[in-house]
Amino acid sequence: MLLTVDIDAFTAAHRDEWERLDALAAKRRLSGAQADELVILYRITAQHLSRLRTTAPDPQLIAEMSARVARARGRITGPREIRVRDITRFLTQTIPLALYRARWWAIGVGTAFTAIAVVVGLWTLRSPEAMGALGTPGALDRYADQSFEDYYSTYDSHEFSALVWTNNARIAAICIGAGITGVVPAFLVLINAMALGRSGAVMADHDRFLHFLALIIPHGLLELTCVFFAGGVGLRLFWALLAPGPRSRGRALAEDGRLLITAAVGLTGALAIAGLLEGFVTAARIPWLLKAALGLLALAVLWAAVLVLGRRAERALAGGDDVVRVDEMGYAASEAG
């Protein structure tokens, strides 16, 4: 880490550039040469800010530099209107990139969820005491023969879709919003995995496990994957708090927090699609293979967006302008800078 005298020397060496940037950013009109100079100084100053954050985190100086860079960026970009290409870029670059960076966390959460559900299901199926704890024989019979399937047709399709979407979005929001605790997303993943395992055990005990899968697969593949991503993003933020790596803890939380918010928006949209599948497809009187195909297609689209579009966005950032391109997509220049 730099000593105070090094910070003073660095500031003295670049103060003229920073003041010139301030002067250009304050001008009402710029010539072509001045506009070019403004862009060059903006990039240089943004790199200075990135260096100061990583090597000499002085809060006062960083706050001053952040405000300076923000003013210059606003002068360069000017007031922005939301355009179709901005929305397209957000959907095809920003959201996939956020999910791509959390993919291994989501896979880890999904693996743990599946393992817990299988273990709980097998244990419940083979333990009369565990099965008896879920309800009386009559209640379990009704659940397997009627209640489990009736759940998907109790409400009108559009009302049920909205209800499911709201509930799932709430769970995802809790996983993400309380992710910094580490405990909340882990607990929600645990209780949902146990609930799924127990439901599967009851259905299997009544020789209706294939029917159970037929009702779960059309919407559950996408729905559960969204939950895995929500838990993964939340746990990634928790890990940034514990082990920020070469970044300062504050910077790590800020950068992963931006990723978290972007992922939440994307997952809300994906869960809306899962809600439509659950409301209009799961209970529909159409061949099961068609239902399963629709569920698999929805899952494939999500993972294609993550792995193809997300990887492409990551490579674009790594191979382009670290400051401007990352800033345009809503991230700080952390991994490339």
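**Entry 1**

Which helix holds both phenylalanine 209 and phenylalanine 212, and how many residues apart are they? I found both in helix H10 (residues 209-242), three residues apart, about one turn of the helix. I note that helices (H or I, at least four residues) and strands (E, at least two) are DSSP runs, numbered from the N terminus. An α-helix has 3.6 residues a turn, so residues three or four places apart point the same way.

Before going on, I note that this is a predicted model, where local features need pLDDT of at least 70 and side-chain atom pairs count only at pLDDT 80 or more, while totals for chains, interfaces and linings use all residues. Residues are numbered from 1 along each chain as its sequence is written, and side-chain values use heavy atoms, with hydrogens and water left out.

**Entry 1: aromatic rings**

I looked up the aromatic pairs and found six in the structure. The rule I used: rings of Phe, Tyr and Trp (its six-membered ring) pair if their centres lie within 6.5 Å; planes under 30 degrees apart count as stacked, over 60 as edge-to-face and the rest as tilted.

Phenylalanine 209 and phenylalanine 212 make a stacked pair, 5.6 Å centre to centre with 25° between the planes.

Next I checked burial. Buried means under 20% relative accessible area, exposed over 50%, and partly exposed in between (1.4 Å probe, protein chains only). Phenylalanine 10 is buried at 8%. Tryptophan 18 is buried at 0%. Phenylalanine 212 is buried because its relative accessibility is 5%. Phenylalanine 209 has 37%, so I list it as partly exposed.

**Entry 2: a charge over a ring**

What sits over the ring of tyrosine 100? I found the charged end of arginine 103 there, 3.8 Å from the ring centre. The test is that NZ of Lys or CZ of Arg is within 6 Å of the ring centre and within 35 degrees of the ring normal.

Helix H2 (residues 32-55) has 24 residues. I read a reach of 35 Å from its first C-alpha to its last, close to the 34 Å expected at 1.5 Å a residue. That expected span is 1.5 Å times one less than the number of residues. Buried residues in H2 include Leu38, Tyr42, His48 and Leu52.

H2 packs with helix H3 (residues 59-77) at about 155°, with the axes 10 Å apart. Axes are lines fitted to C-alpha atoms, for helices over the stretch in contact, and angles run from 0 to 180 degrees between N-to-C directions. H2 and H3 are therefore roughly antiparallel. Angles under 35 degrees count as roughly parallel, over 145 as roughly antiparallel, 65 to 115 as roughly perpendicular and the rest as oblique.

Helix H9 (residues 183-205) has 23 residues and reaches 33 Å, close to the 33 Å expected. Among its buried residues I noted Pro185, Leu188 and Met203.

Where is aspartate 207? I found it in the loop between H9 and H10. Aspartate 207 is exposed, at 72% relative accessible area. Its phi is near 60°, a positive value in a residue other than glycine. Most residues other than glycine have a negative phi.
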